[in-house]
Structures are given as structure tokens and as C-alpha cells.
Amino acid sequence: MNVKELTNYTNKVKARELWKTLYLCAKASPTRRFHAIYDKIHRSDILWEAWQRVKRKRGSGGIDGQTIEEIIVKYGEKKFLEELQLELQQKQYHPQPVLRTYIPKENGKKRPLGIPTIKDRVAQMATKLVIEPIFEADFHDCSFGFRPKRNAHQAMSKIRKVSKKCTWVVDVDIQGYFDNINQDKLMKLVGQRISDRRVLKLIRKWLKAGVMEEGNIRDTITGTPQGGVISPLLANIYLNAMDKLWEEKFQHIGELVRYADDLVILCRTKKQALESIRVIQAIMDKLDLSVNKEKSRLVNLWNDTDGFDFLGFHNRKLPIRRKGGFTLYVMTHIPKHNAMKKMRAKIKAYTESRSKLHMDIRELIKGLNRRLQGFKNYYSISSKAKKWLRRIDWYVLERLNLFINKKRNRRKRHWYLIETKNAVDHLLVKLAS
């Protein structure tokens, strides 16, 4: 282990120890307010660990144009972190507006995304490392999004378990959640656990930093900085008020499962489902949020006539036939239609370029596998899902067949599929395996 690796390991251990200490203190005293944690944010080991995490993400630069590569190669990591540490210590740190960009959504619309500068991302990550364990101690079991040791598969597992006794689902979509968070109410919720004014001021600075779009800077009155490192944590803090209220007073009418701003409520009866809709609308009003009535749905899971989409899966009770003609309906998670469509488009975009015809088929398959492995790992959580993954497998084979026929200048480019299959079987890592 060289000096740099030893430094990284030591800082990671120190950051983990701080995280554990703060978590245990917060867990032991649910009403405690932490008043002296700002000095921990600009600790050298915390800033170094924050920088390592930001660097691994390999994100693009913000409005100042500074990139991660420039900091590593030209500016110097040590110099960069020392300057940020000094700014934080002397309270001279001021975040810059986030660069607004747009990414396409499945429905053809575009989702706004903010890109903070690298310096702001590191400062946010350092702050997140310090305050996250305090709030993690308060978060409820119904929340699975953007939390340590929690993921989408666990949320799906809970839905599968609860669906054994529930036949009605309220699928709730919050209208523009990240853009409509009430900043004053958010800061009050943060202030319930943190009384250090320096930390509160730092968080408010990020909320008020503004957005640069097409060269113009505009102020942000509501919402959290989308794309910011700390944004998912702040979003969870805001909706934790709903989680707490639900588990204390309304859990008897339905089981809440939430992943960030995506949430479903599973109920035994239609009456409970309708009651849960009224409760959720009332809670949203209190939080200055609104339910998207076009996207929110009430679903009956009694049989396989209807289902709901959640976290990229289409969830439906499909029939399984037992001996004696008995049919049992079991909750199944399969890739939703748009996810399959997106993956086919990704495969086609990678294989159709004529500039790739010079590549060896082995290299092309390796590149495809890198793109498909994540898709396979995420969606292969049920036996039924393998049927859909095999469809992607066959589409890959069709694209490889077209590639080989183009490479060999064959006129009938959609022929020779069996020959292609036999040629690539020992090279292609099948999605359904």
C-alpha cells in the first residue's frame, strides 16, 4: 500500500468513525440538537473523503468551467482542498449558481438538472458526511431512497411481502417535488436537529445560490438544488415529516413505501385506499406540495388485469397454476415498457454506427456487456423478469447479426441468424443467465 492509498484508507476510517459516533448520539437522544458540528465539516480528513467521493462520480464542471481532471492534473488536489478548507474556516465560502441543463424524460418532456461547481460539490459532500448520520437516526423504515445500505430492491421486496395481504395500491406522484419544496419549512425541519447557526447558514446559502440558464442568473425561492450532492438528503428530511406522521397515525389504513419522491401505499380494502388518498392530500397541503392527479392512480391488484409502475418496474399479480386447477396470483416485478424501449435504443445506438465496422466482434460484445450488465443486475429480481430479459438477449443477437452481415457485405443483412448465434454463443454473456 503506497502513501496515497494509506491516506485514503485512513481518512475513510476517520470519516466512518465520525459517522458512527454522530449516529449513535442522535439515536440515543431523539430530541437532541447538535450545536457544534461546523468545525467537523472543514476537517482535513472529511474534506479529503468528500473529494474522493466527488471524484469517483466523474461529473462535469459547473459555471466556472473547472473540471475534476483540471484539478487533478493542473491545479493540484492538495491546493484545491486547502483553499476550500481556508474559505470554510474563515467563513468566506460562497457557493456559485448552479448551471441549469435539461435531460429528456420518458414522456418526451425534459427534466431540469442543476450542475454545481466542483468546489460546491465537495463542500456539500463534506456537509452531508457530517449531518447525514444525525438525520439517518430519525428516518423511518418506509423510506428507501438515497440512504446508506438501502436501495430500490429492498423497496420492491417490501412491496412483494405486503402485497400478500393487500389488494389495493395508491400510486402517488408529487407534482415537481424538488422544485416546490418550501425552503423555510425545510430549514425549520433541519433546525429541529441542528442548532449550529454556521451549518444552517451554509445550507441556506446553497438553497439561495440561484440558477444560471442561457447566461442569465435567477434566484431560487423554492426547491432544493437538483443535481447537488446534498439535495437528496434535504429531500428526505422534508418528506420524513410525512413518514413520521403516517407511521404514528395512519399505518393502520395502509403500508407506505417511499423512494425519494416516489411513493405507493398498499391497502387491504378500497375504503382504506380512498381514505389514504384523502390523508396524503392533506399532508401534501401542509407541506405546500401537490399531488399530480394525472399520474397518480388507484390500482386493484386482485388479479392480473391491472398493475402499477414503480422504480422502473411494472408490478402486477400474475397467475401461477397449481395442481387441481387452482390458480394463485403472485406479485411479480418486470421491466416496464419504457425501460425495455430505452435499453433497445441504447443497444441500437451502440451497434449501428458504420464507424464500428472495423471493430472485432469480441470487442463489440465486450462493450455491449458493459452496457447491459447494470440493466441485468437491476431487473433480474424475479423469475418472471427473465422472460423479458431474454427478449433483450434476442434483440442483442439480432443487432450482432446485422453487424456481422454489414461487415461481410452480405446483401441479405437479416439472414444467417442461426449462424451468428452459434458464432457468438461462447462469447456473449446472456442477460437471462
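Which residues in helix 3 meet Ile68, Ile71 and Ile72 in helix 4? In this predicted model, they are Trp51, Val54 and Lys55.

**Helix 3 and helix 4**

- Helix 3 spans residues 44-57 and helix 4 spans residues 68-75; their axes come within 9 Å and cross at roughly 120°.
- By class, the contact of helix 3 with helix 4 comprises five nonpolar residues, one charged residue and no polar residues.

**Helix 13 and helix 14**

- Helix 13 (residues 337-351) packs against helix 14 (residues 361-379) at an angle of about 170°, and their axes are 10 Å apart.
- This angle makes helix 13 roughly antiparallel to helix 14, as the cut-off for that description is over 145 degrees.
- From helix 13, the contact draws on Ala339, Met340, Met343, Lys346, Ile347, Tyr350 and Thr351.
- Helix 14 contributes Glu363, Leu364, Gly367, Leu368, Arg371, Leu372, Phe375 and Tyr379 to this contact.
- The residues of the contact between helix 13 and helix 14 divide into 10 nonpolar, three charged and two polar.

**Strand 7 and its partners**

- Strand 7 covers residues 262-267 and is mostly covered, with five of its six residues buried.
- Strand 3 (residues 168-173) pairs with strand 7 in the antiparallel sense over six bridges; Asp171 has Val264 of strand 7 as its bridge partner.
- Strand 6 (residues 255-259) also runs antiparallel to strand 7, and five bridges join the two; here Leu256 has Ile265 of strand 7 as its bridge partner.
- Strand 6 and strand 7 form a hairpin with two residues between the strands, in which Ala260 takes a positive phi near 60°.
- In a regular strand, side chains alternate between the two faces of the sheet.

- Is Ile181 buried or exposed? Ile181 is buried because its relative accessible area is 0%, and the cut-off for buried is under 20%.
- Apart from neighbours within four places in sequence, Ile181 is in contact with Leu186, Thr222, Gly223, Thr224, Ala235, Tyr238 and Leu289.
- Leu234 is 53 residues from Ile181 in sequence, and the C-alpha atoms of the two residues are 9.6 Å apart in space.

How values were computed: Residues numbered from 1 in each chain as written. Predicted model: local features only at pLDDT ≥ 70, side-chain atom pairs only at ≥ 80, totals over all residues. Heavy atoms only, no water. Buried < 20%, exposed > 50% of the residue type's maximum accessible area, 1.4 Å probe, protein only. Helix = DSSP H or I, 4+ residues; strand = E, 2+ residues; numbered from the N terminus. Pairing = 2+ DSSP bridges. Axes fitted to C-alpha atoms, helices over the stretch in contact; angles between N-to-C directions. Contact = heavy atoms within 4.5 Å. Nonpolar A, V, L, I, M, F, W, Y, C, P; charged D, E, K, R; others polar. Parallel < 35°, antiparallel > 145°, perpendicular 65-115°, else oblique.
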